[in-house]
Amino acid sequence: MRLTDRAVATSGDYARSFTLDGRRYGHILDPRTGLPVQSGCQSVSVIAPSCLMAGILSTAGFILGADVGLELIRAQGGIEACITTENARYQNAKVFILCPA
């Protein structure tokens, strides 16, 4: 992907997670509970004006879950995102090549 004056960040539990007693646990912790996030998200990718903003929004979106996370990202304006859950894909861009097919 080639970007000019933009940055991309992805947060997800697809690479660092384990399953115990049929429940999946990832490495991202929910600051509200101190426990691994159970939002149903698998990954959140964000294209933003800076790495800091992309990283903050990808992690926040992952923690908040698809609906609330995408609402937060949309409220920032001018930022593109793709949220992949166990059952669906949500995005606020017409084309976002990081979304799996």
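This is a short talk on one predicted protein model, from its overall fold down to a few residues.

First, the ground rules. The model is predicted, so local features need pLDDT of at least 70, side-chain atom pairs count only at pLDDT 80 or more, and totals for chains, interfaces and linings use all residues. Residues are numbered from 1 along each chain as its sequence is written, and side-chain values use heavy atoms, with hydrogens and water left out.

Now the overall picture. The protein has 2 helices and 6 strands. Helices (H or I, at least four residues) and strands (E, at least two) are DSSP runs, numbered from the N terminus. Along the sequence, the pattern reads β-β-β-β-α-α-β-β.

How much of the protein is buried? Of its 101 residues, 36% count as buried. Buried means under 20% relative accessible area, exposed means over 50%, and partly exposed is in between (1.4 Å probe, protein chains only).

Next, contacts, meaning heavy atoms within 4.5 Å. Take those with a separation of 6 or more: residues 24 or more positions apart account for 52% of them.

Let's zoom in on helix α1, residues 51–64. It has 14 residues, and at 1.5 Å a residue they should span 20 Å. That expected span is 1.5 Å times one less than the number of residues. The end C-alpha atoms of α1 are 20 Å apart, which agrees.

Which residues of α1 are buried? They are Ala54, Leu57, Ser58, Gly61, Phe62 and Ile63. The buried residues of α1 pack against β1, β4 (41–48) and α2 (66–76). After α1 comes Gly65, with a positive phi near 95°.

Stay in α1 for Gly55. Gly55 counts as partly exposed because its relative accessibility is 22%. Gly55 and Ser11 are 44 residues apart in sequence, yet their C-alpha atoms are 7.7 Å apart in space.

On to the cysteines. Cys41 is buried, because its relative accessible area is 5%. Cys51 is exposed, because its value is 59%. A disulfide is a covalent bond between the sulfur atoms of two cysteines. The cut-off used here is a pair of cysteine sulfur atoms within 2.5 Å. How many disulfides does the structure hold? It holds 0.

Last stop, strand β1, residues 7–12. Val8 lies in this strand. Val8 counts as partly exposed, because its relative accessibility is 36%.

That's the tour. Thank you.
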